Amino acid sequence: MRSFVLAAAVGVAAALAAGNAFAGKDLDAIKARGALICGVPTGIAGFAAADSQGKWVGLDIDVCRAVSTAIFGESEKVKYVPLTSQQRFTALQSGEVDLLSNNTTVTLQRDTALGLDFTAITYYDGQGFLVPRKLGVKSAKELDGATICVAPGTTTELNLADYFRANKMTFKPVVIEKAEEIRAAFYAGRCDVYTTDVSSLAATRAANVPPPAKPEDFIILPEIISKEPLGPMVRHGDNQFADIIRWTQFAMLEAEEYGITSGNVDEMVKSENPTIKRILGVTPGMGKALGVDDRWVYNIIKQVGNYGESYDRHVGPHSLLKIDRGVNRLWTQGGLQYAPPIR
Ligand SMILES: N[C@@H](CCC(=O)N[C@@H](CS)C(=O)NCC(=O)O)C(=O)O
C-alpha cells in the first residue's frame, strides 16, 4: 500500500515536471541559446529599420528589446530576422524565430488556424491610401479604376478587395512582397496608390521619398478602411513565454500611467506608492510569478523606457514620422491603451 502511494506520488511529480518543461520549452531554448530571435519587418522607418550603424531601431524593435530585458536583464540579447509579410507565419511555425514583432494584425483566422497566438495589442492601426498629390485625388471614393500597390499575405489585400466591392469600384492590383520594392514601384509610378497600414504609409512618406521629390508631394487620404490592431505572435505551447511578452507590454503601459520613465526610475524606486512599489519590484513577487527577475520592470524602463517614451522616440510628433498618438494614447487620456493591473 505504502509503495503504491509512493509510486503514485512519483508518477504525479514526473507528470508535473513534464508539464512544466513543456510549458517553458521555448523559454528554455531562448535561455540556453542566450538570445531571443525576433522576426521583424525587412525595413519600415520608425518601426523596424537598421540605422546608419546597422543597429535595428524602432517601436517593433523595442518590443523585442523589452522582452529580452525581462528574460535576461539586458535589452540587447536579441537576434533580428527580417521577414516579409508572406514569410512571417512560416518562420514562426518552423521555429526559425521565437516571436513576431512585425505589424501583424490580430484576426480570428490567424489566431485559430495557424497554431499561433497573439499576446497583446502594441499598436492600434488602420489601413489607408497614399497617393501622389499631383493626382489631385482627395478621397478614396475617387479611386475607381486605380492601379494599387499591395503586399501579399496581408489583411490589406483582403480589405482592399472588400472596400472596392462595397463601393462598387474596380482596381488593378500590383502585388509586391518586399516593403522596399513596393515603395520603389510606387515612387516609380508603377501604381497610382500604395495601400497598407497607415503607420507604414507615414513611414514611407517621411523616410523613403526619393529626391528631388519631397514628402509633401504625397498625401495620405482621409479614409481609414479597416481596424488593424497590431501585436506580437508566438507559437502555441509555451504559455509562460507568451505571458512574459503580454506582461512586458502591460508593464510599459503601467509605467507610463504611473509616471515612471527611464529618466526618473531611480527616484521612483523610493516611492511610497504601493502600486509603484509593486511594479518596480520594491515589493517583491510579481517577477517571481512571471518566472523572471523581480526587477524586470525596473530593468525594462531603465533600458527601453515606458510605452510613451518608446512611441515618442520612434514615431511620435517629434520624430521623423510625426504620427499623432491618437487612439494609442493611454485610456486615462482618451485612448485605447489600457493595461490590467500588475498585482
Ligand atoms: N498589418 C497587416 C499588413 C502588414 C504588412 O503589410 N506588412 C508589410 C508592409 S507594411 C511588411 O511588414 N512587410 C515586411 C517588409 O517587407 O518589410 C497584416 O498583418 O497583414
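Of the 21 residues around the ligand in this predicted model, Pro41, Thr42, Thr154, Ala179 and Ser200 come nearest. The shell is made up of 13 polar, five nonpolar and three charged residues. Both domains contribute: at least three shell residues come from domain 1 and at least three from domain 2. Helix H6 (155–166), strand E11 (193–197) and strand E13 (228–230) each supply at least two residues of the shell.

The protein chain is assigned two domains. Domain 1 comprises 12–124 + 230–333, and domain 2 comprises 127–226. Their C-alpha centres lie 30 Å apart. The contact between them takes 19 residues from domain 1 and 17 residues from domain 2. On the domain 1 side, nine residues are nonpolar, nine are polar and one is charged.

An open sheet is formed by five strands in the order E10-E9-E11-E8-E12. Its pairing is mixed. Strand E10 (171–175) and strand E12 (218–220) are the edge strands, and each pairs on one side only. On average, neighbouring strands are turned by 30 degrees against each other, direction ignored. Strand E9 (residues 146–150) runs parallel to E10, and five bridges join the two. Within this pair, isoleucine 148 stands opposite proline 173 in E10.

Two helices that pack on the sheet are H7 and H8. Helix H7 (residues 179–187) touches E9, E10 and E11, and its direction makes about 160 degrees with that of E9. Helix H8 (residues 198–207) touches strand E8 (127–132), E11 and E12. The direction of H8 makes about 130 degrees with that of E11.

Methods
Residues numbered from 1 in each chain as written. Predicted model: local features only at pLDDT ≥ 70, side-chain atom pairs only at ≥ 80, totals over all residues. Domains from an automatic or database assignment. Contact = placed C-beta atoms within 7 Å. Nonpolar A, V, L, I, M, F, W, Y, C, P; charged D, E, K, R; others polar. Near = placed C-beta within 6 Å. Helix = DSSP H or I, 4+ residues; strand = E, 2+ residues; numbered from the N terminus. Pairing = 2+ DSSP bridges. Axes fitted to C-alpha atoms, helices over the stretch in contact; angles between N-to-C directions.
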